[in-house]
Amino acid sequence: MPTLRQQVHRLRGAEVLDLVADVLVIGGGPAASWAALTATEAGARVVVVDKGYLGTSGATAPSNTGTWFVPPGAEREAAIARRQLLNGGLAVPRWIDRTLDMAWQRLHTLADWGYKFPNDDSGKPYLNNLRGPDYMAFMRRRVLRAGVAILDHHPALELLTDSGVIAGAAGIDRQRNRPWRVRAGAVVLATGGCAFGERMLGATGLTGDGYLMAVEAGATLSGMEFSAQYACAPRQSSLNKGMPFSWASFFREDGTRLDTANKDRHVVVARALLEGPVWAQYDKGIPELRLWLRQGQPNCFLPYDRTGVDPFTQRFPVTLRCEGTVRGVGGIKLTGDDCSTGIPALYAAGDAASRERMTGAITGGGGPNSSWAIASGVWAGRAAAKFAAREARRIRDRRVTGIGRAGLRPALSARPDASAGDILETVREEFLPLGRNFFRGGATLRQSLDRLDRTWAELRDHLPGEGLAAVKSREAAALTATSRWAYASALARAESRGMQRRLDLPATDPEFVCSFEVSGLDRIDVTRSEIPGAVAQ
Ligand SMILES: Cc1cc2nc3c(=O)[nH]c(=O)nc-3n(C[C@H](O)[C@H](O)[C@H](O)COP(=O)(O)OP(=O)(O)OC[C@H]3O[C@@H](n4cnc5c(N)ncnc54)[C@H](O)[C@@H]3O)c2cc1C
């Protein structure tokens, strides 16, 4: 039998690319790569479809990524206990432990495979950090070597089902402008988080597509109120790498210094930005740090080099960029240890999945999310392969139906003047401003929700989604839906906790040591649930 890659090659001139695989992985970041590799190890024939190019797309590829890498035993127990003090009492130690365990194993595997970790001062490989571009280029080679068929620039637009069981996905090959369809025994959604149309590194394609596809299939999301993650960036630049700002001082326009000592600098900077421009300077580090930062984070210095600013001796204007759920928390709720979603044959991994059990109410950046992408990718890939093995003989004969609606198949008449670009602007206006999302309030949340609900109804009824235009239409639908799920959850959580900052309800309320699950497309339902195993502070 020809391999999947041979089949893709043979079908290069066909009007539709129609494939049959055991497992379809949607996404092209670390979670997708680990899922594909693990499913292949389990004997599955795997296709990966990426909106971009596996190796350069997604949030990890352009970044330097710290991992949460802690050995088992006392050191790990202490690390978990320290994090418990910060995460708002919503994380589950058992989930953190099993994630750290899997990341510990697989980072060692990565070293065994030949990924070049730098050495630490004692000459041992330093596994706590992955250089995004090298890591993802390495993963691409590894995935190809495993025999996986990678379809770059093939965004998935909708899931396919057969009698309520997920049976593949369909989308468009954006370079040839032709439809593709992959019938598969199981699907892993590894489409990353949602950056709500913010202009930041690696996030162009992170528009919440996986959330929309999952909810259309009947899945639930959780932790969506924890979607107000922001990072410092030089103003006018999309460079949202926050690490160098650990050595920065911040100033108002008139030169007065902002007091960030023992405070969350993002909150201090956000407050000041609401009143006027804020400037920064990396003036806190010793001279050696300059060289080290330039070597470790070379692309961080491009905006300064281009404008002739020396950020160590000169001040430059800064802003806060919304990262949404990318370094945030919310995503598809997992219903089992194997990253199942409650929908037969559908699994989720990485930022597409909720990281609430792992990070609670605080950011998963700085280590947890990259370790989560590895661990959840492995679990999801393994479980998808197992599920698909049971379906193997039926896959080819299935009668599959596409279940995508908004942005693909207008409920009423398609209106050519309905514009995905306008919808994107609406989402940006409602979700990016600090005064709406970073600092939230009941009245502004309701106001935004009203507008977003109206936008949703319009796009559902009238936004056309044909040919290549379907990519932007579906993104517009996913962005609008995700904003509504996030704000509906933020209203339900009538308190402040972690990155949910309610100006009208500033206290943390012990009654809210719980999770909010959100589902539905036209009517959004938010339900409260307990978090089994969470350790309240
Ligand atoms: C600047 C920055 C620095 C960070 N630093 C750290 C750190 O130090 N430590 C840490 O733990 N975390 C960090 N993070 C977070 C970390 O990068 C993410 O958690 C991680 O990339 C998640 O991996 P993923 O595979 O789930 O998603 P991503 O890497 O974002 O990949 C998502 C993939 O899905 C694809 N996709 C999206 N929609 C579709 C579709 N419809 N069809 C097909 N494909 C689709 C995209 O093209 C992309 O390839 C950082 C994030 C940023 C932005």
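The dialogue below treats helix pairs and then the ligand.

Tutor: Please note at the outset that this is a predicted model.

Student: How do the axes of helix H14 and helix H15 cross?

Tutor: One reads the separation of the axes together with the angle. Helix H14 (residues 442–462) and helix H15 (residues 469–492) have axes that come within 9 Å and cross at roughly 150°. Angles over 145 degrees count as roughly antiparallel, and therefore H14 is roughly antiparallel to H15. The crossing in which H14 passes H15 is left-handed.

Student: Which residues make this contact?

Tutor: On the H14 side they include Leu445, Leu449, Leu452, Trp456 and Leu459, and on the H15 side they include Ala477, Thr480, Ala481, Arg484 and Tyr487. By class, twelve residues in the contact of H14 with H15 are nonpolar, five are polar and three are charged.

Student: At what angle do helix H6 and H15 pack?

Tutor: Helix H6 (residues 209–216) packs with H15 at about 80°, and the two axes are 8 Å apart. Values from 65 to 115 degrees count as roughly perpendicular, so H6 is roughly perpendicular to H15. Among the contributors to the contact are Tyr211, Leu212 and Met213 of H6, together with Ala477, Ala481 and Trp485 of H15. Eight nonpolar, one polar and four charged residues form the contact of H6 with H15. Ala477 and Ala481 of H15 also take part in the contact with H14.

Student: What is the arrangement of helix H3 and helix H4?

Tutor: Helix H3 (residues 74–84) and helix H4 (residues 93–113) pack at about 130°, with axes 11 Å apart. That angle makes H3 oblique to H4. Here H3 passes H4 in a right-handed crossing. H3 contributes Arg76, Ile80 and Gln84, while H4 contributes Pro93, Ile96, Asp97, Leu100, Asp101 and Trp104. The classes are five nonpolar, one polar and three charged residues.

Student: Let us turn to the ligand. How many residues surround the ligand, and which are the closest?

Tutor: One begins with the surroundings and then examines individual atom pairs. The ligand is surrounded by 40 residues, of which Asp50, Ser57, Thr60, Gly66 and Ser370 are the closest.

Note on methods
Residues are numbered from 1 along each chain as its sequence is written. This is a predicted model: local features need pLDDT of at least 70, side-chain atom pairs count only at pLDDT 80 or more; totals for chains, interfaces and linings use all residues. Side-chain values use heavy atoms; hydrogens and water are left out. Axes are lines fitted to C-alpha atoms, for helices over the stretch in contact, and angles run from 0 to 180 degrees between N-to-C directions. Helices (H or I, at least four residues) and strands (E, at least two) are DSSP runs, numbered from the N terminus. Angles under 35 degrees count as roughly parallel, over 145 as roughly antiparallel, 65 to 115 as roughly perpendicular and the rest as oblique. A crossing is left-handed if the near helix is turned anticlockwise from the far one by less than a right angle, and right-handed if clockwise. Contact means heavy atoms within 4.5 Å. Ala, Val, Leu, Ile, Met, Phe, Trp, Tyr, Cys and Pro count as nonpolar, Asp, Glu, Lys and Arg as charged, and the others, Gly among them, as polar. A residue is near a molecule or strand if one of its heavy atoms lies within 4 Å of it.
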